[in-house]
Amino acid sequence: MKLEARAAAVRDVPEIKRMIDEYLAVDYYSHEELEACVRDGNSLFYVVTDAERDGTMAAFFYALFAPLDEALGILHVREKPEALRGYSGDTPVGVYKTASTASAYQKCGICSSFIRDLEPVLRARGAKLIVATAMRSPAGAIPMKHIFREHGFDPVAEIRRPWEDMYLYCPYCGRHHCICDAVFYMKKLDDTKGGDVGE
């Protein structure tokens, strides 16, 4: 395999949508929403393709830059976690929003590479933190747990059923209104006072 990363383009949207439907949740995003994400100047939306397989999409990674309060809404977090209480709502943060890797390319370190490589980009844009939510299945599995831990993220809150109000089909719980919970992760990018993780 010969993997190549590049910025996502509108032409990639149908395949990104297919991957989301297959690996994450059916109809989590519409085509129109994905096109808006790809075009958004605050987005860091990348795809990885396999040059040896006619440009087959191996993975995508979607991150963005936003004020903290907006980021919490984007991540479906209804109440500000205790660890973030010392940060104002307009604190600039990076958000690791959505990622997926096709089964044939899993365990190749693709998602890990994005998490590592985008951190300095977000830092350069002024982000004080990076935040993310990781799905926890009804069986208790958190697929992103080890990757976030490896890159210095701390779990700071349990989020109960963050996607329950959305109409989609979740392959993990088997419902159209997802009952999976999530774990909220954060990583500080500077020494700004904002409360210590684990307080």
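This is a predicted model: local features need pLDDT of at least 70, side-chain atom pairs count only at pLDDT 80 or more; totals for chains, interfaces and linings use all residues.
Close-up 1. The structure as a whole holds zero disulfides. For orientation, a disulfide is a covalent bond between the sulfur atoms of two cysteines.

Close-up 2. Strand β5, which spans residues 129-136, is mostly covered, since seven of its eight residues are buried. With strand β4 (residues 92-101), β5 pairs in the parallel sense over three bridges, and V95 stands opposite V131 of β5. With strand β7 (residues 181-188), β5 runs antiparallel and is joined by eight bridges; here A132 has Y185 in β7 as its bridge partner.

Close-up 3. The structure holds nine aromatic pairs, and two of them are described here. A pair of aromatic rings is described by the distance of the centres and the angle of the planes. F61 and F114 form a stacked pair, with 5.4 Å from centre to centre and 20 degrees between the planes. Because F61 lies in strand β3 (residues 56-67) and F114 in helix α4, this pair ties together parts that are 53 residues apart in sequence, and both residues, F61 and F114, are buried. The rings of Y96 and F153 have centres 5.9 Å apart and planes at 45 degrees, so this pair is tilted. Y96 belongs to strand β4, whereas F153 sits in the loop between α5 (145-150) and β6 (154-159), so that parts 57 residues apart in sequence are tied together. Y96 and F153 are both buried as well. One aromatic cluster is formed by Y46, F61, Y96, F114, F148, F153 and Y185.

**Close-up 4. The buried face of helix α1.** Which residues of helix α1 (residues 13-23) are buried? They are V13, I16, K17, M19, I20 and Y23. Seen down the axis of α1, these buried residues fall within an arc of 160 degrees, so they line one face of the helix. An α-helix has 3.6 residues a turn, so residues three or four places apart point the same way. Among the elements that cover the buried residues of α1 are α2 (31-39), β2 (43-50), β3 and β4.

**Close-up 5. Two loop residues with positive phi.** D54 lies in the loop between β2 and β3, and its phi is near 55 degrees, a positive value in a residue other than glycine. D54 counts as exposed, at 81% relative accessibility. H76, found in the loop between α3 (68-74) and β4, has a positive phi of about 65 degrees although it is not a glycine. At 22% relative accessibility, H76 counts as partly exposed.

How values were computed
Residues are numbered from 1 along each chain as its sequence is written. Side-chain values use heavy atoms; hydrogens and water are left out. Buried means under 20% relative accessible area, exposed over 50%, partly exposed in between (1.4 Å probe, protein chains only). Helices (H or I, at least four residues) and strands (E, at least two) are DSSP runs, numbered from the N terminus. Two strands pair if DSSP finds at least two bridges between them. Rings of Phe, Tyr and Trp (its six-membered ring) pair if their centres lie within 6.5 Å; planes under 30 degrees apart count as stacked, over 60 as edge-to-face and the rest as tilted. The arc is that of the directions from the helix axis to the C-beta atoms. Contact means heavy atoms within 4.5 Å. A disulfide is a pair of cysteine sulfur atoms within 2.5 Å.
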